[in-house]
Amino acid sequence: MTAQANALLTDRGVVSVTGPDAGKLLQGILTNDVDRLGQQPAIHAALLSPQGKILFDFVVFAVPGGFLLDVAADKTAELAKRLTMYRLRAKADIADVSAGHGVVVAWGDGATPPPGAIAAAADPRLPALGLRAILSLDAAQRFDAAAAPRYHAHRIGLGVPEGGRDFVFGDTFPHEALLDQLGGVSFTKGCYVGQEIVSRMEHRGTARKRVVPVASSAPLPSPGPEVRALDPETGSQLIGTLGSVDGTRGLALLRLDRAAELAARGAGLTAGSVALAIGPLPAWASFTYPPKASAPG
């Protein structure tokens, strides 16, 4: 049993999208089905490049008159600019409202939304993560930002990656960042930016990289270095990168097919000078390690 805890996430910001065409605008460009917000209070989604790579990921909350997007704080201005570029003639107002809002998380047994929440919901990626809420900045600052590392330890233990920590924006496909596993992509809603590439990866099963849990008998280095396999035949081989770390546990974006191939030859994995092992995978993951063979064609 875990006692309820709360934390202010100072590395998160808020973008608002309001107006009569706000839903139509987001539905046409985001990876997830915005219409689901008629039945639930929040969804996880991303905005991709035309090449299908994640430019931004966020939690989208439905609020009166539109939507609030809980996004990495260093991406809010860029996201607002990108959404404005896609707006064209749509009747929608887009603004970075981070100066007046804060993001608070609550997790543990009996977690409840913080008082004064403008928007709150169970984390749409995985309910076990707890609750996410957007508050006015004054209300949010009553919560402890120093508790954020405890929240990230909780997240790491559940195997849930976070953009900017466990994968690089602009260089990662949704499948690699587990959006397909954590409800961040709709494969039925139709077109959005980058949709063709994402659909092809889903159909062909060509996601060779994934963010996976890793563990070691010694504290893992942070910020995360390269993860390499020490192959007795070919020497050091780059396999991926280490992301979020909590002591001896962490998350790493790895080329799983190469890791399995080299492991079969007796190669061990290292991050910096620390030996590590892959897994176990989260119970919610539908992919496997070693990975299954990809579908042809």
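These legends describe close-up views of a predicted model.

**View 1. The largest nonpolar core.** This core has 58 residues. I54, V214, V227, L254 and I278 have the most contacts inside it. One of these, I278, touches V212, P213, V214, L254, L256, A259, L269 and Y289, leaving out residues up to four places away in sequence.

**View 2. L276 and its surroundings.** L276 sits in strand β15, which covers residues 274–278. Its relative accessibility is 8%, so L276 counts as buried. With residues up to four places away in sequence not counted, L276 touches V214, A215, S216, L220, V227, L269, T270 and A271. L88 is elsewhere: the C-alpha atoms of L276 and L88 are separated by 49 Å. Along the chain, these two residues are 188 residues apart.

**View 3. Aromatic pairs.** How many aromatic pairs does the structure hold? There are two. In one, the rings of W107 and Y151 have their centres 5.6 Å apart. Their planes stand at 65 degrees, so this pair is edge-to-face. The pair links distant parts of the chain, with its two residues 44 residues apart. W107 belongs to strand β7 (residues 101–107), and Y151 belongs to helix α4 (residues 148–158). W107 is buried because its relative accessibility is 4%. Y151 has a relative accessible area of 1%, so Y151 is buried too. The other pair joins F167 and F169, with ring centres 5.8 Å apart. The planes of F167 and F169 meet at 75 degrees, so the pair is edge-to-face. Both F167 and F169 are buried.

**View 4. The largest pocket.** This pocket has a volume of about 470 Å³. It is lined by 20 residues. Which of them lie nearest its centre? They are G205, A207, R210, F287 and K292. Two helices, α5 (195–204) and α6 (256–264), each supply at least two residues of the lining. By class, the lining of the largest pocket has seven nonpolar, seven polar and six charged residues.

**View 5. The second largest pocket.** The volume here is about 400 Å³. The second largest pocket is lined by 24 residues. R165, D166, T241, L242 and G243 are the closest to its centre. α4, β12 (235–246) and β13 (249–255) each give at least two residues to the lining. The largest share, seven residues, comes from β12. By class, the lining of the second largest pocket divides into eight nonpolar, nine polar and seven charged residues.

**View 6. The largest cavity.** A search of the whole structure finds two cavities of 30 Å³ or more. The largest cavity has a volume of about 70 Å³. R12, H44, D57, F58, V59, R125, R132, E162 and G163 line it. Which strand gives the largest share of this lining? Strand β4 (residues 54–63) does, with three residues. The lining of the largest cavity has two nonpolar, two polar and five charged residues.

**View 7. The second largest cavity.** This space has a volume of about 30 Å³. Its lining is made up of H44, D57, R125, P161, F167, A177, L178, L179 and L182. F167, in the lining of the second largest cavity, is the residue whose ring pairs edge-to-face with that of F169. By class, the lining of the second largest cavity has six nonpolar, one polar and two charged residues.

**View 8. S16 in strand β2.** S16 has its place in strand β2, residues 12–18. Is S16 buried or exposed? Its relative accessible area is 11%, so S16 is buried. The cut-off for buried is under 20% relative accessible area. Neighbours within four places in sequence aside, S16 is in contact with F67, L68, D93, I94, A95 and V97.

Notes
Residues are numbered from 1 along each chain as its sequence is written. This is a predicted model: local features need pLDDT of at least 70, side-chain atom pairs count only at pLDDT 80 or more; totals for chains, interfaces and linings use all residues. Side-chain values use heavy atoms; hydrogens and water are left out. A nonpolar core is a set of buried Ala, Val, Leu, Ile, Met, Phe, Trp, Tyr and Cys residues joined through side-chain atoms within 4.5 Å. Buried means under 20% relative accessible area, exposed over 50%, partly exposed in between (1.4 Å probe, protein chains only). Contact means heavy atoms within 4.5 Å. Helices (H or I, at least four residues) and strands (E, at least two) are DSSP runs, numbered from the N terminus. Rings of Phe, Tyr and Trp (its six-membered ring) pair if their centres lie within 6.5 Å; planes under 30 degrees apart count as stacked, over 60 as edge-to-face and the rest as tilted. On a 1 Å grid over the protein atoms alone, a cavity is a set of points where a 1.4 Å probe fits but cannot get out, and a pocket is an open set with protein on both sides within 12 Å along at least five of seven lines; lining residues have an atom within 4 Å of a point. Grid points are joined across faces, edges and corners, and a volume is the space filled by probe spheres set on the points. Ala, Val, Leu, Ile, Met, Phe, Trp, Tyr, Cys and Pro count as nonpolar, Asp, Glu, Lys and Arg as charged, and the others, Gly among them, as polar.
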